[in-house]
Amino acid sequence: MEAELVIVRNIPLEFGAADLRHYFESFTEGEKFRMFHFRRRSELVVVRSAEDGPPAGVERSCCIVCLQAGLVGDFVEQYHRQQWEDKSGTRYPSVCIIQRLKLRVDPTREEGAGSMAPGEGAVA
């Protein structure tokens with residue numbers, strides 16, 4: 001079965017696996033994920049100040065998601081730039097950011113070895 005990779009970014013640090021299962025409930029319950037690997041990988045997100053001050057860095061989490069082929073468009077449409085909500089129903093001011101990933105195979109490395117990078121035309 002073919003699959004596609006995305007990176008889910010800007011996840012609040014307070015979120016755990018149960019919060020993500022709740023947030024992505026329709027895809028979780030519909031068994032549309034081939035893999036959802038959440039291990040609190042940190043990323044620094046630059047946030048523009050509401051005032052005229054300099055942008056500030058905010059620590060967030062991100063994770064790699066493998067979806068059944070052909071479902072990335074639906075996943076992006078349903079969740080990209082939507083406000084985060086935890087398992088208790090608390091809404092967060094930050095939004096979910098989704099980017100497609102493209103696996104590039106390096107012919108100079110061992111067979112099957114490659115690297116992942118945000119794909120051309122990334123959603124975010």
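## A buried tyrosine and its partner

Tyr-79 is buried, with a relative accessible area of 5%. Here buried means under 20% relative accessible area, exposed means over 50%, and partly exposed lies in between (1.4 Å probe, protein chains only). Everything below comes from a predicted model, in which local features need pLDDT of at least 70, side-chain atom pairs count only at pLDDT 80 or more, and totals for chains, interfaces and linings use all residues. Residues are numbered from 1 along each chain as its sequence is written, and side-chain values use heavy atoms, with hydrogens and water left out.

Which residue is buried with a relative accessible area of 0%? That is Phe-24. The ring centres of Phe-24 and Tyr-79 are 4.8 Å apart and the planes meet at 75°, so this pair is edge-to-face. The pair links distant parts of the chain, 55 residues apart: Phe-24 is in the loop between helix H1 (17–23) and H2, while Tyr-79 is in helix H3. Helices (H or I, at least four residues) and strands (E, at least two) are DSSP runs, numbered from the N terminus.

## The aromatic rings

How many aromatic pairs does the structure hold? There are 16 aromatic pairs. Rings of Phe, Tyr and Trp (its six-membered ring) pair if their centres lie within 6.5 Å; planes under 30 degrees apart count as stacked, over 60 as edge-to-face and the rest as tilted. Phe-24 and Phe-33 give another example: their ring centres are 6.2 Å apart and their planes stand at 85°, so the pair is edge-to-face. Phe-33 is buried, at 18% relative accessible area.

One aromatic cluster includes Phe-24, Phe-33 and Tyr-79, and among its other members are Phe-15, Phe-27 and Trp-84.

Let's follow the chain to a loop. Leu-71 is found between strand S3 (56–68) and helix H3 (72–79), and Leu-71 is buried, with a relative accessible area of 15%. What is Leu-71 in contact with, leaving aside its neighbours within four places in sequence? The residues are Glu-4, Phe-27 and Lys-32, where contact means heavy atoms within 4.5 Å. Leu-71 and Phe-33 are 38 residues apart along the chain, and their C-alpha atoms are separated by 9.2 Å.

Val-58 is in strand S3 and counts as partly exposed, at 25% relative accessibility. Val-58 and Val-45 are 13 residues apart in sequence, with 5.1 Å from C-alpha to C-alpha.

## Two positive phi angles

Asn-10 has a phi near 70°, a positive value in a residue other than glycine. Asn-10 is found in strand S1 (residues 3–11) and counts as buried, at 9% relative accessibility.

Glu-31 is not a glycine either, yet its phi is positive, at about 50°. Glu-31 lies in the loop between helix H2 (25–29) and strand S2 (33–47). Is Glu-31 buried or exposed? At 63% relative accessibility, Glu-31 counts as exposed.

## One salt bridge

A search of the whole structure finds one salt bridge, meaning a side-chain nitrogen of Lys or Arg within 4 Å of a carboxyl oxygen of Asp or Glu. The partners are Glu-85 and Arg-91, whose closest N and O atoms are 2.9 Å apart. Glu-85 is partly exposed at 23% relative accessibility, and Arg-91 is partly exposed with a relative accessible area of 49%.
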